[in-house]
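Let us walk through a protein model, one region at a time. Keep the structure open as you read.

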Amino acid sequence: MLIGVIADDFTGASDIAAALTKGLGEGGLKTTQYPGLPTRPAGGDVEAGVIALKSRSIPAQEAVAQSLAACRWLLDQGCQQIVFKYCSTFDSTDEGNIGPVIDALAALLETESVVVCPAFPAMGRTVYQAHLFVHDQLLSESGMAHHPLTPMKDADLRRVLQPQTTNRVAHVPWQTVVQGSQAIQALFAQQAQQGRTLHIVDALSDYDLTAIGRACAGAKLVTGGSGIGLALSHNFIRSGQAFGQPARASFVNGPEAILVGSCSGATREQVAWHQKTHPVMAIEVKAVLSGETGPEQIVAFIRQNQGKSPLVYSSGEPDAVKAIQQQYGRENVAGALDNLFGEAAKQLVAAGVRRIVVGGGETSGAVVSALNLTALEIGEEIDPGVPVMLSKGDNPIALALKSGNFGGKDFFARALERLKGQAVTGDDAR
């Protein structure tokens with residue numbers, strides 16, 4: 001294993017796994033995703049290992065402990081480079097978790113120069129003058145300001161990160177990035193000599209991310225969104241340590257289900273689009289908390305609508321979600337929904353479902369954890385950042401784990417078709 005990734009949620013893990021698998025055109029690394037901390041050594045053919053934690057919204061001390069354990073396992077597999085993958089919208093609070101985890105990993109790896117770059121231009125996430133943009137809006141003016149768990153109300157990554165870290169934060173401007181990897185490395189070294197060790201790097205395009213990734217060749221620790229993974233694979237291929245290979249298609253035919261727990265604007269639009277031509281069941285949070293609605297109702301709906309791409313969702317407008325959280329408690333609501341979708345997924349698989357599409361990072365973590373999957377092979381991308389995934393074993397399950405804001409408006413139906421190997425197109429196919 002050459003590269004080891006620690007991801008703070010399950011969709012983020014599949015996101016960067018797709019980038020490492022794809023590479024820069026010459027093919028990428030053979031990549032396996034591990035849901036949670038593995039308990040046994042990796043297979044000898046794995047070149048990149050991605051550990052998917054569910055640590056984004058937990059107390060910082062717990063996130064640090066889990067991340068350090070993951071890092072030690074990856075080092076035991078021979079990894080030469082560790083990547084800490086967080087969301088391209090830098091989801092965090094003043095207490096962490098991004099800063100504390102970076103500090104702990106840097107200390108363990110004994111490195112004093114760490115890149116911080118959440119940019120993912122393919123999904124409209126760019127960094128300029130250390131400010132994070134979502135398409136043409138500052139992060140603080142996008143829908144992320146209303147996120148129920150990690151509301152992002154400041155677009156200046158320096159102001160967001162500095163209170164979370166014991167290290168000093170620096171900025172690498174775009175004007176340096178466009179000069180190429182050598183100029184970037186020179187500024188890294190200069191800033192490190194000044195005691196500024198966390199480098200927030202501007203990036204407006206994949207060209208910029210390629211230069212940044214190349215500048216990270218040999219770095220012990222890199223942090224960021226998934227986009228930087230494209231060039232990290234390339235570094236090992238260019239050095240001759242890997243040969244590069246295209247992503248292998250991994251398909252399964254069988255009954256299907258779509259489970260959605262994200263309340264992002266993009267996901268709500270996708271659900272509304274899907275509902276025009278497919279059966280959809282809405283879950284009321286109050287009914288879940290009262291016990292009126294349970295996994296049995298979800299399973300019954302999915303089974304009654306087999307072959308029609310049935311979708312079950314729990315989502316809502318930001319104000320409605322906030323009101324429910326205030327009434328019942330944020331942790332109680334999140335826990336109840338995670339348990340609901342996780343148990344429903346277990347019952348669906350037991351009933352024969354073999355293709356599952358999940359919307360939302362927290363929901364994806366709950367589903368994969370409940371299914372007790374130990375390793376997932378990464379295949380082709382469905383949309384940017386969302387690959388086909390195949391569980392290992394005699395009776396495999398095909399999965400697509402979608403972050404809330406990812407995918408075209410017709411994503412859900414297309415994803416199910418791609419999981420069984422049919423090449424489909426649509427208005428938003430990429």
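Which residue in S7 is the bridge partner of arginine 125? The partner is valine 134.

First, some ground rules. This is a predicted model, in which local features need pLDDT of at least 70 and side-chain atom pairs count only at pLDDT 80 or more, while totals for chains, interfaces and linings use all residues. Residues are numbered from 1 along each chain as its sequence is written, and side-chain values use heavy atoms, with hydrogens and water left out. Helices (H or I, at least four residues) and strands (E, at least two) are DSSP runs, numbered from the N terminus.

Now return to the strands. S6 covers residues 125–128, and four bridges join this strand to S7. The two run antiparallel. Strands count as paired if DSSP finds at least two bridges between them. Two residues lie between S6 and S7 in their hairpin, where glutamine 129 takes a positive phi near 55°.

S7 (residues 131–134) also has two faces. Leu132 and Val134 form the covered face. His131 and Phe133 form the uncovered one.

Next comes S8, residues 137–138. S7 and S8 pair in the antiparallel sense over two bridges. Here phenylalanine 133 has leucine 138 as its bridge partner. This hairpin also has two residues between its strands, and histidine 135 takes a positive phi near 55°.

Move on to a pair of helices. Two packed helices are described by the angle between their axes and the distance between the axes. H6 (residues 181–193) and H7 (residues 206–215) pack at about 55°, with axes 8 Å apart. That makes H6 oblique to H7. Oblique covers the angles left once those under 35 degrees (roughly parallel), over 145 (roughly antiparallel) and 65 to 115 (roughly perpendicular) are set aside. Which residues meet where H6 touches H7? From H6 come Ser181, Ile184, Gln185 and Phe188. From H7 come Ala211, Ile212, Arg214 and Ala215. Contact means heavy atoms within 4.5 Å.

Last, find H14, residues 361–371. Is this helix mostly covered or uncovered? H14 is mostly covered, with eight of its 11 residues buried. Buried means under 20% relative accessible area, exposed over 50%, and partly exposed in between (1.4 Å probe, protein chains only). Among the buried residues are Gly361, Ala366, Val367 and Leu371. The buried residues pack against several elements, including helix H1 (10–22), helix H13 (330–350) and strand S2 (31–35). Just after H14, asparagine 372 takes a positive phi of about 55°.

Note on methods:
Axes are lines fitted to C-alpha atoms, for helices over the stretch in contact, and angles run from 0 to 180 degrees between N-to-C directions.
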